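Thanks for coming. I will walk through one structure today, a piece at a time.

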Amino acid sequence: AAQGNIGRGANLGESIGLVVDNIYKGEIPRLAKAMGISKDAARGVYFRKLQELGVVGTQAQVREIDRLLEEGFGGSLKGGDDIWKIYNFEFERNKLISALGSETDALKYSTEMGFRSVDEYAADIVKNVIPNYERVPEAIKLLRKAPFGNFIAFPAEIMRTSANTLG
């Protein structure tokens, strides 16, 4: 909730429902129609886009993420991490469009900020403010072998993302 990614006047469950509906009733059917492919194929396109943008890990399985979304965010820790990244990506993308008035204005602003697309800008926000253990610096990864324990990456990611959130 530090990112403010809960809809105004909504609770977390309602916000999750809105994002999932946006993906399954908006984005995926739009992709299917635009590309002339099935909704199943469009889901694959959508999740590959998220992988290419670095929102979810490259080892994420489309069926697993799809299942987790449909079942309400339960399941494995890795899949759960990816689900929250997808949630925040969609929320950040929609915040940009809403704040700037239209997708066209959001694209213009995104390119002025050095990004090729609104998606790329939203993905950059997510990668920098949501803990992502794939982004832990090598020095911290080496500390895992020290007697400090295996969970040294968590505080390092909290410090990195908190600094990015605040400034």
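Start just past the end of helix 2, at G54, where phi is positive, at about 80°. Keep in mind that this is a predicted model, and that goes for everything I say about it.

Now step back into helix 2 itself. How far apart are its end C-alpha atoms? They are 20 Å apart. Helix 2 covers residues 39-52, and its 14 residues at 1.5 Å a residue should span 20 Å, so the model agrees with the expectation.

Which residues of helix 2 are buried? The list is A42, R43, G44, Y46, F47, K49, L50 and Q51. As background, an α-helix has 3.6 residues a turn, so residues three or four places apart point the same way.

Take R43 from that list. R43 sits in helix 2, and its relative accessible area is 18%. The cut-off for buried is under 20%, so R43 counts as buried. Along the chain R43 and E27 are 16 residues apart, and their C-alpha atoms are separated by 9.0 Å.

That brings in helix 1. Two packed helices are described by the angle between their axes and the distance between the axes. For helix 1 and helix 2, the axes come within 8 Å and cross at roughly 105°. Angles of 65 to 115 degrees count as roughly perpendicular, and therefore these two helices are roughly perpendicular to each other. On the helix 1 side, the contact is made by I23, Y24, E27, I28, P29, L31, A32 and M35. On the helix 2 side, the residues are K39, A42, R43, V45, Y46, F47 and K49. Sorted by class, this contact has eleven nonpolar residues, four charged ones and no polar ones.

Y46 deserves a separate look. Leaving out residues up to four places away in sequence, Y46 touches I23, E27, I28, L31, I86 and E90.

Y46 also belongs to the largest nonpolar core, which has 31 residues. Y46 is among those with the most contacts inside this core, together with I23, L50, V55, I86 and F89. Which elements give two or more residues to this core? They are helix 1 (12-35), helix 2, helix 4 (77-100) and helix 6 (118-129). Helix 1 gives the largest share, eight residues.

Next, helix 6. From first C-alpha to last, helix 6 reaches 17 Å with its twelve residues, close to the 16 Å expected at 1.5 Å a residue. Is helix 6 mostly covered or mostly open? It is mostly covered, with ten of the twelve residues buried. Those residues are V118, D119, E120, Y121, A122, A123, I125, V126, N128 and V129.

V129, in helix 6, has a relative accessibility of 11% and so counts as buried. From C-alpha to C-alpha, V129 is 9.7 Å from N88, although the two are 41 residues apart in sequence.

Last, the whole chain. There are eight helices and zero strands, so to speak in order from the N terminus, the elements run α-α-α-α-α-α-α-α. Of the 167 residues in the chain, buried residues make up 41%. Among contacts with a separation of 6 or more, 50% are between residues 24 or more positions apart.

Note on methods. Residues are numbered from 1 along each chain as its sequence is written. This is a predicted model: local features need pLDDT of at least 70, side-chain atom pairs count only at pLDDT 80 or more; totals for chains, interfaces and linings use all residues. Side-chain values use heavy atoms; hydrogens and water are left out. Helices (H or I, at least four residues) and strands (E, at least two) are DSSP runs, numbered from the N terminus. The expected span of a helix is 1.5 Å times one less than its number of residues. Buried means under 20% relative accessible area, exposed over 50%, partly exposed in between (1.4 Å probe, protein chains only). A nonpolar core is a set of buried Ala, Val, Leu, Ile, Met, Phe, Trp, Tyr and Cys residues joined through side-chain atoms within 4.5 Å. Contact means heavy atoms within 4.5 Å. Axes are lines fitted to C-alpha atoms, for helices over the stretch in contact, and angles run from 0 to 180 degrees between N-to-C directions. Angles under 35 degrees count as roughly parallel, over 145 as roughly antiparallel, 65 to 115 as roughly perpendicular and the rest as oblique. Ala, Val, Leu, Ile, Met, Phe, Trp, Tyr, Cys and Pro count as nonpolar, Asp, Glu, Lys and Arg as charged, and the others, Gly among them, as polar.
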